[in-house]
Amino acid sequence: MDFTERLEMFLEGEMITVDDVRNVNNILDMFKEKYGVTLTEENASTFVSHVCAAFYRYSAGEEIDPLPEEVVNEVASQPTYELSVEVFENIMKVIEKPFSDVERGYVLLHINNLIQLLKSEGEWN
């Protein structure tokens, strides 16, 4: 299942903008084109929700606390971390709103979790 309903709900609730929907779709397209992975509600709903929340915070000027150092170190120690950084950099190329340094930590965490999930389900080679 795709993200149409989720994005429409976030749009109606004014959590995201039309530009954010386009950015999310750009991310989804990038995963498919660059990595051969189709993100769906079933495998990536948490990731997409967190990206939408980050876009909302950017638009609203909201700041969040950085990830605790021990979490940053744990994420960086994962075997999928370098791939997560690559994916993050590719995401930054296809979106119009940059993620702050603080958001970067959270997005990397969610990318890392997503890749690990997809690998465990045989959806990422």
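Me: Let's start with H5 and H6: is their crossing left-handed or right-handed?
Reply: H5 and H6 cross in a right-handed way. Before we go on, please keep in mind that this is a predicted model.

Me: Which residues make that contact between H5 and H6?
Reply: From H5 you have Tyr 81, Leu 83, Ser 84, Val 85, Val 87, Phe 88 and Ile 91. H6 brings in Arg 104, Val 107, Leu 108, Ile 111, Asn 112, Ile 115 and Lys 119.

Me: And how many of those are nonpolar, polar or charged?
Reply: The contact of H5 with H6 has ten nonpolar residues, plus two polar and two charged ones.

Me: At what angle do the axes of H5 and H6 cross?
Reply: They cross at roughly 120 degrees, and the axes come within 9 Å. H5 covers residues 81–94, while H6 runs over residues 101–120.

Me: Is Thr 80 buried or exposed?
Reply: Buried: the relative accessible area of Thr 80 is 9%, and anything under 20% counts as buried.

Me: Back to H6. Which residues does Leu 114 touch?
Reply: Leu 114 is in helix H6. Not counting residues up to four places away in sequence, Leu 114 touches Phe 31, Leu 39, Asn 43, Ala 44 and Phe 47.

Me: How far is the C-alpha of Leu 114 from that of Ala 44?
Reply: Those two C-alpha atoms are separated by 6.7 Å, although the residues are 70 apart along the chain. Leu 114 is buried too, with a relative accessible area of 4%.

Me: What does the side chain of His 110 make a polar contact with?
Reply: With the side chain of His 50, at 3.3 Å. His 110 is located in H6 and is buried, with a relative accessible area of 14%. Setting aside residues up to four places away in sequence, His 110 touches Phe 47 and His 50.

Me: Let's go past H6. Which residues does Glu 123 touch?
Reply: Glu 123 is in the segment after H6. Apart from residues up to four places away in sequence, Glu 123 touches Val 37, Thr 38, Asn 43 and Leu 118. At 34% relative accessibility, Glu 123 is partly exposed.

Me: How far apart are Glu 123 and Gly 36 in sequence and in space?
Reply: They are 87 residues apart in sequence and 9.0 Å apart in space, C-alpha to C-alpha.

Me: New topic: how do H1 and H3 run, roughly parallel or roughly antiparallel?
Reply: H1 and H3 are roughly parallel, because their axes cross at roughly 25 degrees and angles under 35 degrees count as roughly parallel. The axes of H1 (residues 4–12) and H3 (residues 41–60) come within 11 Å, and H1 passes H3 in a right-handed crossing.

Me: Who meets whom there, between H1 and H3?
Reply: Arg 6, Leu 7 and Phe 10 of H1 meet Glu 41, Ser 45, Val 48, Ser 49 and Cys 52 of H3. By class, this contact has four nonpolar, two polar and two charged residues.

Me: Tell me about Val 48: buried or exposed?
Reply: Val 48 is buried, at 3% relative accessibility. Beyond its neighbours within four places in sequence, Val 48 is in contact with Phe 3, Arg 6, Leu 7, Val 24 and Leu 28.

Me: And Tyr 58, which residues does it touch?
Reply: Tyr 58, which also lies in H3, touches Lys 97 and Pro 98, not counting residues up to four places away in sequence. Tyr 58 is partly exposed, with a relative accessible area of 46%.

Me: Last one: what is the phi of Glu 14?
Reply: Glu 14 has a positive phi of about 60 degrees although it is not a glycine. Most residues other than glycine have a negative phi. Glu 14 is in the loop between H1 and helix H2 (18–35), and counts as exposed at 67% relative accessibility.

Terms used
Residues are numbered from 1 along each chain as its sequence is written. This is a predicted model: local features need pLDDT of at least 70, side-chain atom pairs count only at pLDDT 80 or more; totals for chains, interfaces and linings use all residues. Side-chain values use heavy atoms; hydrogens and water are left out. Axes are lines fitted to C-alpha atoms, for helices over the stretch in contact, and angles run from 0 to 180 degrees between N-to-C directions. Helices (H or I, at least four residues) and strands (E, at least two) are DSSP runs, numbered from the N terminus. Angles under 35 degrees count as roughly parallel, over 145 as roughly antiparallel, 65 to 115 as roughly perpendicular and the rest as oblique. A crossing is left-handed if the near helix is turned anticlockwise from the far one by less than a right angle, and right-handed if clockwise. Contact means heavy atoms within 4.5 Å. Ala, Val, Leu, Ile, Met, Phe, Trp, Tyr, Cys and Pro count as nonpolar, Asp, Glu, Lys and Arg as charged, and the others, Gly among them, as polar. Buried means under 20% relative accessible area, exposed over 50%, partly exposed in between (1.4 Å probe, protein chains only). A polar contact is a pair of N or O atoms within 3.5 Å; within protein, one must be able to donate a hydrogen and the other to accept it, and residues adjacent in sequence count only if both atoms are side-chain atoms.
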